[in-house]
Amino acid sequence: QVQLVESGGGLVQPGGSLRLSCAASGIIFSINAMGWHRQAPGKQRELVAAITSGGSTNYADSVKGRFTISRDNAKNTVYLQMNSLKPEDAAVYYCNADGVRSTTPGRRDYWGQGTQVTVSS
């Protein structure tokens, strides 16, 4: 059974920084891409950043230059360094893993349960 567990959310003042982590557990052979999405109250879930197993990255325009996604393939862990946080970055942040090969036949996608990020003075 593959599970994603996020950590690192919390309350931060505008202009501050947070680092989110997401570790995939279970017997995992490979993961195609890992990423972070977020959902603010009353809004749709949106992609924040994603990274492939080869290290190619993709960012939402709203976070370019402020957020950095990275990945440790050996640990099946993805990170999101968030700098210069703005009130509009406040949301529940969800980790996802796409194309996971595990003991379950085929490739599957998994989501974490989310971690709250609050940006407020």
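Trainee: How many disulfides does the count come to?

Mentor: This is a predicted model, and the count comes to one disulfide, taking sulfur atoms within 2.5 Å as the rule. That disulfide joins Cys22 to Cys95, with an S to S distance of 2.0 Å.

Trainee: Which parts of the chain does the pair tie together?

Mentor: Cys22 belongs to strand E3 (residues 18-25) and Cys95 to strand E10 (residues 91-102), so the bond ties together parts that lie 73 residues apart in sequence.

Trainee: And is the disulfide left-handed or right-handed?

Mentor: The torsion about the S-S bond of Cys22 and Cys95 is about -75°, so this disulfide is left-handed.

Trainee: Are Cys22 and Cys95 buried or exposed?

Mentor: Cys22 is buried, and Cys95 is buried as well. Across the protein chain, 42% of the 121 residues count as buried.

Trainee: Turning to the fold, how many helices and strands are there?

Mentor: The protein chain has zero helices and 12 strands. Its radius of gyration is 14 Å, close to the 14 Å that the globule rule gives for 121 residues, so the chain is as compact as a globular protein of that length. Along its principal axes, the C-alpha trace spans about 45 × 25 × 25 Å.

Trainee: What about the charges: how many side chains are positive and how many negative?

Mentor: There are 12 positive and 8 negative side chains in the protein chain, and the centres of the two sets are 4 Å apart.

Definitions and conventions: Residues numbered from 1 in each chain as written. Predicted model: local features only at pLDDT ≥ 70, side-chain atom pairs only at ≥ 80, totals over all residues. Heavy atoms only, no water. Helix = DSSP H or I, 4+ residues; strand = E, 2+ residues; numbered from the N terminus. Buried < 20%, exposed > 50% of the residue type's maximum accessible area, 1.4 Å probe, protein only. Rg over C-alpha atoms; globule rule 2.2 N^0.38 Å. Lys, Arg positive; Asp, Glu negative; His and termini not counted. Charge placed at Lys NZ, Arg CZ, Asp CG, Glu CD.
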